[in-house]
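Have a look at the model first, and then read on with it beside you.

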Amino acid sequence: MVKCEDCGRVFEAAELKEVQEYRGEYWGIPSFETMYYCPFCDGEAISDYKPKEMWVSFYLQDGTQNGQTIEADSIEDAERLLRDEYGKNWGGIADWDFY
Ligand SMILES: [Zn+2]
């Protein structure tokens, strides 16, 4: 996995946007360089990413409490992932712990 340092998204390296950029002519032959960009924001600050595992305890709008192991960088990251997963039913994080 890789992470875009510009927008903070994490994705598979295969999802990177591959662009052949023209670098001019060398000895009469057009030259291109393969560049890789973030598919979400076109950023080029891409780095290798190893997600951390964390335990998150959270509650939902319907009053249920839940807990889940999630791969995330930070508590903000975990909250974004869970909010995406639970949508309107998302409540908030009650507690968390890194492994
Ligand atoms: Zn990005």
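The protein has one helix and eight strands. Keep in mind that this is a predicted model. Going along the sequence, the pattern reads β-β-β-β-β-β-β-α-β. With a radius of gyration of 19 Å, against the 13 Å that the globule rule gives for 99 residues, the protein is more spread out than a compact globule. Its C-alpha trace spans about 70 × 30 × 20 Å along the principal axes.

How much of the protein is buried? Buried residues come to 7% of the 99. As for contacts between residues at least 6 apart in sequence, 50% of them join residues at least 24 apart.

**The core**

Which residues make up the largest nonpolar core? There are five: Val56, Phe58, Ala72, Ala78 and Leu82. The elements giving two or more residues to this core are strand S6 (53–60) and helix H1 (75–86). Setting aside its neighbours within four places in sequence, Ala72 is in contact with Pro51, Lys52, Met54, Asp77, Ala78 and Leu81. One of these, Ala78, is itself a member of the core.

**How the strands pair**

Strands of a sheet pair through backbone hydrogen bonds, in either a parallel or an antiparallel way.

| Pair | Direction | Bridges | Example of bridge partners |
|---|---|---|---|
| S3 and S4 | antiparallel | eight | Glu18 and Tyr36 |
| S6 and S8 | antiparallel | seven | Leu60 and Trp90 |
| S1 and S2 | antiparallel | two | Val2 and Phe11 |

Take S3 and S4 to begin with. Strand S3 covers residues 17–26, and strand S4 covers residues 29–37. Is S3 buried or in the open? Of its ten residues the number buried is zero, so S3 lies largely in the open.

Now for S1 and S2. Strand S1 takes in residues 2–4, and it belongs to an open sheet of three strands with the order S2-S1-S5 and antiparallel pairing. Strand S2 (10–11) and S5 are at the edges with a single partner strand each, so one side of each has no neighbour in the sheet.

Trp27 sits in the loop between S3 and S4, where the hairpin has two residues between its strands. Its phi is near 55 degrees, a positive value in a residue other than glycine. Is Trp27 buried or exposed? Trp27 is exposed, because 5 other C-beta atoms lie within 10 Å and a residue counts as exposed at 12 or fewer.

Asp42 is found in the loop between S4 and strand S5 (46–48). Although Asp42 is not a glycine, its phi is positive too, at about 65 degrees. Asp42 has 12 other C-beta atoms within 10 Å, so Asp42 is exposed as well.

Terms used:
Residues are numbered from 1 along each chain as its sequence is written. This is a predicted model: local features need pLDDT of at least 70, side-chain atom pairs count only at pLDDT 80 or more; totals for chains, interfaces and linings use all residues. A nonpolar core is a set of buried Ala, Val, Leu, Ile, Met, Phe, Trp, Tyr and Cys residues joined through C-beta atoms within 7 Å. A residue is buried if 20 or more other C-beta atoms lie within 10 Å of its own, exposed if 12 or fewer, and partly exposed in between; C-beta atoms are placed from the backbone. Helices (H or I, at least four residues) and strands (E, at least two) are DSSP runs, numbered from the N terminus. Two residues are in contact if their C-beta atoms, placed from the backbone, lie within 7 Å. The radius of gyration is taken over C-alpha atoms; the globule rule is 2.2 Å times the number of residues to the power 0.38. Two strands pair if DSSP finds at least two bridges between them.
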